[in-house]
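Thanks for coming. Please have the structure open.

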Amino acid sequence: MCTYVSPLAPTQGRLVSRFGWRAGIQPPHLPTFHAGIDISIMGAPVGTIPVYAVAAGVIELAGHNETVRGPLDGYGNCVAVRHDVGGTPMWSFYAHQNHLASAWQPGQTIAVGTVLGFVGRTNNGKFPNMG
């Protein structure tokens with residue numbers, strides 16, 4: 001059995017960007033595919049709200065999109081975690097963080113609820129958010 005938690009405290013955050021096709025944020029506003037969700041923390045100062053690992057797992061990638069290319073390109077400060085869910089590998093990504101809570105290294109094992117970083121705005125969002 002796997003234990004899960006919310007990536008943010010249950011009373012915090014509002015879904016502001018859904019997974020899928022949407023109008024582009026930057027002119028000329030062409031349709032773009034958003035490969036995740038963004039949860040906004042309106043009114044919270046950047047870097048003050050912790051981001052939690054939703055389940056136990058292993059750090060796959062961590063850093064800033066200028067140093068981590070490939071699947072995390074464009075995510076700002078981010079962490080990717082691989083989870084084993086009933087023998088099936090699954091991944092969770094934590095993007096747009098102000099700063100990471102540790103100098104995470106690939107292969108590090110983490111527990112459910114581990115603080116990975118702090119909500120930021122390393123994307124085009126209007127408010128601090130986690131994606």
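Ala35 is exposed, because its relative accessible area is 51% and exposed means over 50%, while buried means under 20% and partly exposed lies in between, with a 1.4 Å probe and protein chains only. This is a predicted model, where local features need pLDDT of at least 70, side-chain atom pairs count only at pLDDT 80 or more, and totals for chains, interfaces and linings use all residues. Residues are numbered from 1 along each chain as its sequence is written, and side-chain values use heavy atoms, leaving out hydrogens and water.

Where does Ala35 lie? In the loop between β3 (32–34) and β4 (38–40); strands are DSSP runs of E, at least two residues, numbered from the N terminus. Setting aside residues up to four places away in sequence, Ala35 touches Phe19 and Tyr75, contact being heavy atoms within 4.5 Å. From Ala35 to Trp21 is 14 residues in sequence and 8.7 Å in space, C-alpha to C-alpha.

Now the sheet. Six strands form an open sheet, in the order β5-β10-β8-β7-β6-β9, with antiparallel pairing; two strands pair if DSSP finds at least two bridges between them. β5 (50–52) and β9 (109–110) are at the edges with a single partner strand each, so one side of each has no neighbour in the sheet. β5 pairs with β10 (residues 115–119) over three bridges, and Tyr52 is opposite Val115 in β10.

Last, the core. The largest nonpolar core has 15 residues, and Trp104 is among those with the most contacts inside it; such a core is a set of buried Ala, Val, Leu, Ile, Met, Phe, Trp, Tyr and Cys residues joined through side-chain atoms within 4.5 Å. β7 (77–85) and β10 each supply at least two residues of this core.

How values were computed
Helices (H or I, at least four residues) and strands (E, at least two) are DSSP runs, numbered from the N terminus.
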